[in-house]
Amino acid sequence: MSKLPALLLSSLLLVIGVAHADELRPQAVVADVDYPGTLQLSVDATDIARRIYQVRERIPVRAGPLKLWYPQWIPGNHAATGPINQFAGLVISGNGQRIPWRRDPLDVYAFELEVPAGVDTLEIEFQSLSPTAADQGRVAMTTELMSVQWSRLLLYPAGYDARRIRFQPNLRLPTDWQFGSALERTGSDGDTIRFQPLALVDLVDSPVYAGRYFKRFDLDPGAKVPVHLDVVADAPELLEAKPEILQAHRALVKQADRVFGTRPFAHYDFLLALSDQFSGIGLEHHQSSENGTFPGYLTGDAPFTDNYLLPHEYTHSWNGKSVRPATLWTPHYNTPMQNDLLWVYEGQTEFWAWVLAARAGLYTPQQAREVLAATAATFEHRAGRGWRDLQDTVYQGIVDFNDAPQAWESWQRGYDFYDEGILVWLDVDTRLDELSKGKRSLDDFARGFFGGYEGKLEARRYGFGDVIGALEKVQAHDWAGYLRERIDSHGPGAPLDGLARAGWKLVYTDTPNLAIADAASDGEYDDFRFSLGLSIASDEGKVNEVLWGGPAYRAGIAKDMQVVAVNGIAYKAERLGRAIGAAKSGKQAIELLLRQGESYRSVRIDYHEGLRYPHLERINGTADGLQRLLAPRR
């Protein structure tokens with residue numbers, strides 16, 4: 001890096017977001033001063049029929065060149081996902097005169113202008129055009145409810161740390177709508193809510209969920225550090241939570257306390273949308289989380305497999321927000337993030353989501369085992385491991401920048417660092433238990449590494465060496481080699497040592513797996529992945545997925561072909577299931593009639609192992625480590 005002039009060095013700070021000298025990577029140069037003045041942000045979110053947010057912004061400025069940024073790298077998205085394509089209508093003026101702007105040709109998120117002499121405040125107007133259908137992006141506004149993500153609704157001056165730019169936000173909602181947020185409300189003017197001024201980093205980290213039908217549940221009554229569940233829904237009856245479901249969410253809060261200790265926030269709000277129209281989401285924030293799921297979630301009419309969602313996002317308040325990989329810490333939203341440790345950030349969070357769902361009662365013990373069996377079988381059949389290790393999948397969000405469906409997911413691999421993380425960290429947990437003769441577990445690591453701080457503080461940052469050091473404090477071992485072997489491995493097969501160490505093995509029977517059946521029913525597909533190596537849309541017979549190297553693959557079948565008939569009879573899942581069962585005791589191949597475009601052809605699948613669904617089976621003579629791990633903590 002070339003040297004900076006001494007005068008410039010006195011006013012700029014080189015921000016390095018890493019923990020160890022061998023990991024130093026300069027991230028950005030920003031002014032080591034507060035931005036002068038407070039930016040006023042007013043959002044009108046009342047145009048719910050056309051799904052348009054009207055934005056007005058007032059920015060204190062000085063005469064001269066100015067660059068404004070639209071946020072690009074949104075925390076928790078792990079890629080440059082700021083929806084600049086939904087940004088429109090930008091008009092900038094000062095002292096009543098329009099000021100021309102130009103987009104930076106090398107950075108389309110940057111808008112450059114010259115502030116005229118005598119202008120000390122910019123008046124900015126634009127619209128955020130929320131998708132009107134899912135094929136345009138995430139539907140975040142409907143006639144019944146909405147999410148307000150501030151990162152979509154502002155511009156900010158370049159060259160400053162987001163922690164040192166202050167905003168005063170106002171939000172106008174439709175009449176009689178209610179809302180939930182971690183933001184502090186200071187007052188209102190009709191339908192316009194005024195919030196307390198705060199740093200840009202805290203504003204972006206504090207979304208608002210609002211709706212015509214709203215209900216708030218206290219998940220820890222009387223707590224010094226309160227936790228609430230703020231729910232918006234398509235209809236009022238969806239807000240009537242079954243007592244046992246509400247109790248499980250209260251147990252989730254208590255069980256997280258048992259794992260992590262003190263709460264790293266001043267207060268916490270689960271923001272939950274229950275809707276068929278609003279797009280599903282799970283996004284972490286320090287003092288809240290965004291969750292969008294099935295309408296029947298609180299009434300007990302939703303798939304149980306989605307019960308990991310709130311535990312996952314809640315865990316992130318510790319793992320990811322209050323304690324964060326150093327290379328994911330950036331001074332503002334237009335500096336690229338570096339995803340190296342997402343197998344800790346997301347992988348261990350997914351492990352704790354599964355564990356906490358079981359400990360809180362959101363999963364029954366059998367459901368938790370079926371989820372684990374489905375996960376183990378999925379990655380045991382991940383052929384792409386042969387060329388792409390788990391470490392490389394942390395870049396999936398950047399590689400798959402348009403988030404399009406994959407033609408060959410089992411070969412290309414996807415966001416595997418999430419669910420395979422359950423297997424990796426189960427391996428670590430059971431190894432800790434084994435080495436310490438039952439005295440230590442991953443609970444001890446989590447409390448020591450993520451816990452210990454109460455109230456909202458600046459994020460503590462870590463590197464790979466810090467993870468290893470914390471594990472060695474719990475139990476001496478070559479944890480660096482141990483983890484790298486699992487993260488950098490090309491297999492064969494998934495990391496199942498932890499499963500065996502817990503006293504269980506993966507088996508296949510012709511009895512459907514509860515978790516797979518639950519997900520298949522919701523997704524309306526028929527799952528034959530572990531027999532023929534494919535899944536098929538229930539309604540039209542369209543092939544959803546083909547496992548690379550499996551029987552269907554070898555027969556020449558690919559995604560998006562249509563299965564028209566099975567052994568000469570129109571396709572139904574039951575018919576294909578019977579054909580697979582019959583082929584087990586005979587020598588005749590299964591014949592499928594396929595349509596691809598305007599062409600038809602028959603293929604024969606020479607498969608004779610019958611229907612296969614994954615389950616866990618106890619290993620005789622071993623202790624039940626899963627019972628130890630998943631039992632509620634007292």
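**Exercise 1.** In this predicted model, find which residues touch the most other members of the largest nonpolar core.

*Solution.* The largest nonpolar core holds 97 residues, and the ones touching the most other members are Y314, W343, W354 and W425. Helix α3 (residues 243-260) gives this core its largest share, 9 residues. Next, take Y314 and leave out residues up to four places away in sequence: the contacts are then V227, L252, V253, A256, R263, F265, Y268 and F270.

**Exercise 2.** Classify the ring pair of F179 and F195 as stacked, tilted or edge-to-face.

*Solution.* The model has 40 aromatic pairs. For F179 and F195, the ring centres are 5.8 Å apart, which is within the 6.5 Å limit for a pair. The planes stand at 90°, and over 60 degrees counts as edge-to-face, so this pair is edge-to-face. The pair links distant parts of the chain, with F179 in strand β14 (residues 178-181) and F195 in strand β16 (residues 192-195), 16 residues apart.

**Exercise 3.** Decide whether F179 and F195 are buried or exposed.

*Solution.* Buried means under 20% relative accessible area. F179 has 18%, so F179 is buried. F195 has 0%, so F195 is buried as well.

**Exercise 4.** Describe the ring pair of Y314 and W318.

*Solution.* The centres of the Y314 and W318 rings are 5.1 Å apart, with 85° between the planes, and the pair is edge-to-face. Both Y314 and W318 are buried.

Methods
Residues numbered from 1 in each chain as written. Predicted model: local features only at pLDDT ≥ 70, side-chain atom pairs only at ≥ 80, totals over all residues. Heavy atoms only, no water. Core = buried A, V, L, I, M, F, W, Y, C linked by side-chain atoms within 4.5 Å. Buried < 20%, exposed > 50% of the residue type's maximum accessible area, 1.4 Å probe, protein only. Helix = DSSP H or I, 4+ residues; strand = E, 2+ residues; numbered from the N terminus. Contact = heavy atoms within 4.5 Å. Phe/Tyr/Trp six-rings, centres within 6.5 Å; stacked < 30°, edge-to-face > 60°.
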